[in-house]
Amino acid sequence: MPYPMECPRGKVPTPLILAGLSALLLTGCEAPLNLEAVRQQSQQAIQRTDFFQSVAQNDQIVAIAGNNGALLVSENSGSDWQRVPVQTTESFLSLDTCPDGSFIALTFNNQLWHGNPAGTQWTAHELPSQEQMMTADCAPDGTWWVGGSFTTLQSSSDQGTTWQETSLNEDAILTNLQFLDPETALATGEYGLVLKTLDGGETWDYAGYLPDEFYPHAAYFESADEGWVGGLNGFIYHTTDGGETWDRQPTDTSMPVFGFVKAGNALFALGDNATVLALSGDSWTGLETPNQPLYLRDGVVLANNQLLVAGGRGLLLQLDIPVASVASNNRGN
């Protein structure tokens, strides 16, 4: 019979499902509700409600940012994590390390946060544009950069006191931005756009277009000429002429690709279903990872020659990689 017919008036059984714990269904009318497991879970640094979006590191800590203001730091290469309280419940979209060891992090409400090298103190700076910013990068000269909708790019060379803005006036979203040196940077975005600057961001121009208006969820450039982009269906495209032409490289997955991580001479791609791909020659091969229906978004190379990758539902994986593939000085982001 339906529950209201079996229970005394005013007492309605409560189904309780604890994510990350054994599923528990409470249907007894008189059984007391025990929330101790919920309390213990809420006090853990990494929670099942975390959806990590970006990872960065300096010579002191590894930092991870995600939804609902989730910001975690580790001082021991990911063995232990501390949850850092920040005055926002907005989701972090992008995180990067600056040359002085500090961090910048972009939230969905168009604020750029500046964190100290220890990752314990963060200050928000309002961005001047009404356009939605989607990606952030700290240039080698310390300038803060963000990019987003309407091909808008904003920068600050005085740590958020003043801002400069430029746009190519194209109704497209920039999804990735990467400075290679103080003068050279590339941006990729909606409708297959590839933009480039050779003068430190003073001017931007079209470098080329991706095939079939491919939407790049992720991009990584080794140089001004060579780079990779990834997106839906496990597609990864490669250029050796700065984005003018692109070749699709074979992958052994149809899962969306969301991020790239460079490890010395090795390059890895991250995707849905806990997918990690390694570039071998001109093709990509999947590494053995736990079978999880969760995405991986970003990662860094740790000092212990492991690849730390982060994704949905608090998923963190540390994968062994060949020592020869790891550079001695790698930002990993």
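This is a predicted model: local features need pLDDT of at least 70, side-chain atom pairs count only at pLDDT 80 or more; totals for chains, interfaces and linings use all residues.
So, Glu222 and Lys262: these two form a salt bridge, and their closest N and O atoms are 2.7 Å apart. By salt bridge I mean a side-chain nitrogen of Lys or Arg within 4 Å of a carboxyl oxygen of Asp or Glu.

Residues are numbered from 1 along each chain as its sequence is written, and side-chain values use heavy atoms, with hydrogens and water left out.

Buried or exposed, then: what is Lys262? Lys262 counts as buried, at 17% relative accessibility, whereas Glu222 is partly exposed at 39%. The cut-offs are under 20% relative accessible area for buried, over 50% for exposed, and partly exposed in between, using a 1.4 Å probe and protein chains only.

How many salt bridges are there by this rule? The count is two. Asp50 and Arg83 also meet in one through their side chains, at 2.7 Å, N to O. Asp50 sits in the loop between α2 (36-42) and β3 (52-57), and Arg83 in strand β6 (residues 82-83), so this pair ties together parts 33 residues apart in sequence. Asp50 is buried, with a relative accessible area of 2%, but Arg83 is partly exposed at 30%.

Okay, on to the rings. A search of the whole structure turns up 15 aromatic pairs. Rings of Phe, Tyr and Trp (its six-membered ring) pair if their centres lie within 6.5 Å; planes under 30 degrees apart are stacked, over 60 edge-to-face, and the rest tilted. One of the pairs is Phe92 with Trp113, edge-to-face, at 6.4 Å centre to centre and 65° between the planes. Phe92 is in strand β7 (residues 92-97) and Trp113 in strand β9 (residues 111-115), 21 residues apart. Phe92 and Trp113 are buried.

Then look at Phe260 and Trp284, a tilted pair with 5.9 Å between centres and 50° between planes. Why does this pair tie together parts that are 24 residues apart in sequence? Because Phe260 lies in strand β23 (residues 257-263) and Trp284 in strand β26 (residues 283-286). Both of these residues, Phe260 and Trp284, are buried.

Phe51, Phe258 and Tyr295 form one aromatic cluster. Arg297 lies over the face of Phe258, 4.4 Å from the ring centre. Elsewhere, the charged end of Arg248 sits over the ring of Phe235, 3.6 Å from its centre. The rule here is NZ of Lys or CZ of Arg within 6 Å of the ring centre and within 35 degrees of the ring normal.

Last stop, His114. You'll find His114 in strand β9, and at 16% relative accessibility His114 counts as buried. Its contacts (heavy atoms within 4.5 Å), not counting residues up to four places away in sequence, include Ser102, Trp122, His125 and Gln159.

Terms used: Helices (H or I, at least four residues) and strands (E, at least two) are DSSP runs, numbered from the N terminus.
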